[in-house]
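Work through the exercises below with the sequence and the model at hand. Each task is followed by a stepwise solution.

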Amino acid sequence: MVAGLKMEKRYQMFTGLILNVSRCIQKIKNSEVAELGLKGKQVQCLFFLDKMKDGASLTQLCELCAEDKGAMSRTVKELTAKNLVYVEESKTQKYRNPIKLTALGQKNAGIVASKIKANLLKVTQGVTASEREIFYKALTQYANNLNAICENFGGKND
């Protein structure tokens, strides 16, 4: 019985902490980029495109941002309407065309990157480099294990 309570406590702590972290990240992203007229989901896209000078395909962005093609297509469409990204059209399939930042997109991506850096410094206060390394190693293992479990549910990770 004690082991059961211990397991329940671990479940409660794990899921509670993960949900809280996720909510906080979304709230911070939305608040920090509201002045730029952006939404939280668009932050990830700008962040990764800023790192990829040759652009990224929709498929690559889906993987990097952990979004499905429908959601990422909407995000790219919104960013295109804001003149922050453009799709370099070619005769290849639509999902392979590189998506790149415009000059305005580069400026906004720079602002986003500096906001991310400032918040990351706040978040990691009081955590040593060795603690951070252990945390990321464990969290990566949790994520891998959860992905493996999700694959048993028809391959859907959402």
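**Exercise 1.** Find which residues of the largest nonpolar core touch the most other members.

Solution. A nonpolar core is a set of buried Ala, Val, Leu, Ile, Met, Phe, Trp, Tyr and Cys residues joined through side-chain atoms within 4.5 Å; buried means under 20% relative accessible area, exposed over 50%, partly exposed in between (1.4 Å probe, protein chains only). Among the 21 residues of the largest such core, Leu46, Leu49, Leu61, Met72, Val76 and Val85 touch the most other members. Helix 2 (40-51) gives the most to this core, with five residues. Helices and strands are DSSP runs numbered from the N terminus (helices H or I, at least four residues; strands E, at least two).

This is a predicted model: local features need pLDDT of at least 70, side-chain atom pairs count only at pLDDT 80 or more, and totals for chains, interfaces and linings use all residues. Residues are numbered from 1 along each chain as its sequence is written, and side-chain values use heavy atoms, with hydrogens and water left out.

**Exercise 2.** State which residues of helix 5 are buried.

Solution. They are Gly105, Asn108, Ala109, Val112, Lys115 and Asn119. The face turned away from the buried side of helix 5 carries the exposed Ala103, Lys107, Lys117 and Leu121.
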